[in-house]
Amino acid sequence: MAMQRPSAEPAISVIDLHKSFDGKEVLRGLDLDIDRGESLAVVGGSGAGKTVFLKHLIGLLPPDEGNVVVDGVDITLASPGVALELRKRFGMSFQEGALFDSMTVFDNIAFPIRRHTDRNREEVAERVGECLRLVRLNGVETKFPAELSGGMRRRVGFARAIALEPEILLFDEPTTGLDPINTAAIANVINHMRSELEVTAVTITHDMSLAFRIADRIAMIRRGTIIALETPERFRVHPDPYVQAFLKGEVPADEEEAL
Ligand SMILES: Nc1ncnc2c1ncn2[C@@H]1O[C@H](COP(=O)(O)OP(=O)(O)OP(=O)(O)O)[C@@H](O)[C@H]1O
Ligand SMILES: [Mg+2]
């Protein structure tokens, strides 16, 4: 995918972010600018703080220190009303899918549209149809989540995330538990949505095959900071030993003792 590095201010600036839980430091002064229109993959080990980081972007967690500036507005300092407005610019697909099990696919995707817009029945149905086309699903409107495969559920989650036409898409582990073919299909869907919607996309994953397929840049989180931020080509040859161990699926030398 072509690099998009516009000169405008970043879509999101994360500045010196700190967060601890019960005295355990998870984020330790994390800095990162996310460019408008780019697809950024954020990778790192289990428990590295990827989901915690993502929740800060959308104001779902308050930092202990630091700032998150979305389109020039600091979400950490915003009033609840302003934070809510900022949050509407995001479409988020959570790690566990988080569909409503008792609702059909149609109602799951219609839910945010009915809640946040005054579209009539026909318009809601039209938008649900558009969203399903964007994630390349059809004929599943009347099914319940339990009747779908994992990969299909993920795509329904994406369809719901884009229902309100967000400017920024956040995906948390969109391919966990999927086979390589479904992983490739999800990568295609993310790339397709990006080319159709001109959004900024941040995808959290520990699946490097996904990261290489979808990213303009790859950021690696380790020990609460970003230790590498590169294009996929440069990421592959990054000199950091942890990055190389992660790419090769090896235990890094400095972690063997801890294991
Ligand atoms: N609400 C919370 N209260 C206490 N600790 C938390 C909370 N949320 C996250 N943590 C801790 O923060 C650390 C990072 O968690 P996080 O969920 O961000 O990891 P992750 O990088 O997303 O991992 P995975 O790849 O397994 O999803 C973990 O040690 C976790 O236990
Ligand atoms: Mg996580």
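**Entry 1: the sheet**

I looked up S1 and S4 first. Strands S1 and S4 run antiparallel and are joined by 5 bridges. I take helices and strands as DSSP runs numbered from the N terminus, a helix being H or I with at least four residues and a strand E with at least two. Two strands pair if DSSP finds at least two bridges between them. Ile-15 has Asn-67 of S4 as its bridge partner.

The model is a predicted one, in which local features need pLDDT of at least 70 and side-chain atom pairs count only at pLDDT 80 or more, while totals for chains, interfaces and linings use all residues. Residues are numbered from 1 along each chain as its sequence is written, chains are lettered from A and ligands numbered from 1 in the order in which they are written, and side-chain values use heavy atoms, with hydrogens and water left out.

I then asked in what order the strands of the open sheet stand. The order is S2-S1-S4-S5, 4 strands with antiparallel pairing. S2 and S5 each have a single partner strand and stand at the edges, so one side of each has no neighbour in the sheet.

**Entry 2: positive phi**

I noted two residues here. Asp-16 is not a glycine, yet its phi is positive, near 50°. Asp-16 belongs to strand S1, which covers residues 12–21.

Glu-165 sits in the loop between helix H5 (150–161) and strand S7 (168–172).

**Entry 3: the loop between S2 and S3**

I looked at Glu-38, in the loop between strand S2 (24–34) and strand S3 (39–43). Glu-38 is buried, because its relative accessible area is 0%. What does the side chain of Glu-38 reach? The side chain of Glu-38 comes to 2.8 Å from the backbone nitrogen of Asp-35. I count a polar contact as a pair of N or O atoms within 3.5 Å; within protein, one must be able to donate a hydrogen and the other to accept it, and residues adjacent in sequence count only if both atoms are side-chain atoms.

**Entry 4: salt bridges**

How many salt bridges does a search of the whole structure find? The search finds 12. A salt bridge is a side-chain nitrogen of Lys or Arg within 4 Å of a carboxyl oxygen of Asp or Glu.

I followed Arg-36 next. The side chain of Arg-36 meets that of Glu-9 in a salt bridge, N to O 3.8 Å. Glu-9 lies in the segment before S1 and Arg-36 in the loop between S2 and S3, so this pair ties together parts 27 residues apart in sequence. Glu-9 is partly exposed at 45% relative accessibility, and Arg-36 is partly exposed at 30%. Arg-36 also meets Asp-71 in a salt bridge, at 2.8 Å from N to O. Asp-71 lies in the loop between strand S4 (65–70) and strand S5 (73–74), 35 residues from Arg-36. Salt bridges link Glu-9, Arg-36, Asp-71 and Arg-89 in a network.

I also checked Asp-216 and Arg-194, which form a salt bridge with the closest N and O atoms 3.4 Å apart. Asp-216 is in the loop between helix H7 (208–214) and strand S9 (217–222), and Arg-194 is in helix H6 (residues 180–197), so the pair ties together parts 22 residues apart in sequence. Asp-216 counts as buried at 2% relative accessibility, and Arg-194 is buried at 6%.

**Entry 5: ligand 1**

Ligand 1 has 14 residues around it, the closest being Lys-24, Gly-47, Lys-50, Thr-51 and Val-52. A residue is near a molecule or strand if one of its heavy atoms lies within 4 Å of it. I sorted the shell into 4 nonpolar, 7 polar and 3 charged residues. In this sorting Ala, Val, Leu, Ile, Met, Phe, Trp, Tyr, Cys and Pro are nonpolar, Asp, Glu, Lys and Arg are charged, and the others, Gly among them, are polar.

Which element gives the most to the shell around ligand 1? H1 does, with 3 residues. S2 and helix H1 (50–57) each supply at least two.

I listed contacts with oxygen atoms of ligand 1. A backbone N or O atom of Gly-49 lies 3.0 Å from an oxygen of ligand 1. A polar side-chain atom of Lys-50 lies 2.8 Å from a ligand 1 oxygen, and for Thr-51 a polar side-chain atom lies 2.8 Å from an oxygen of ligand 1. Ligand 1 taken alone exposes 640 Å², of which the protein buries 62%. These accessible areas come from the Shrake-Rupley method with a 1.4 Å probe; for residues, only the protein chains shown count as cover.

Technical notes
Buried < 20%, exposed > 50% of the residue type's maximum accessible area, 1.4 Å probe, protein only.
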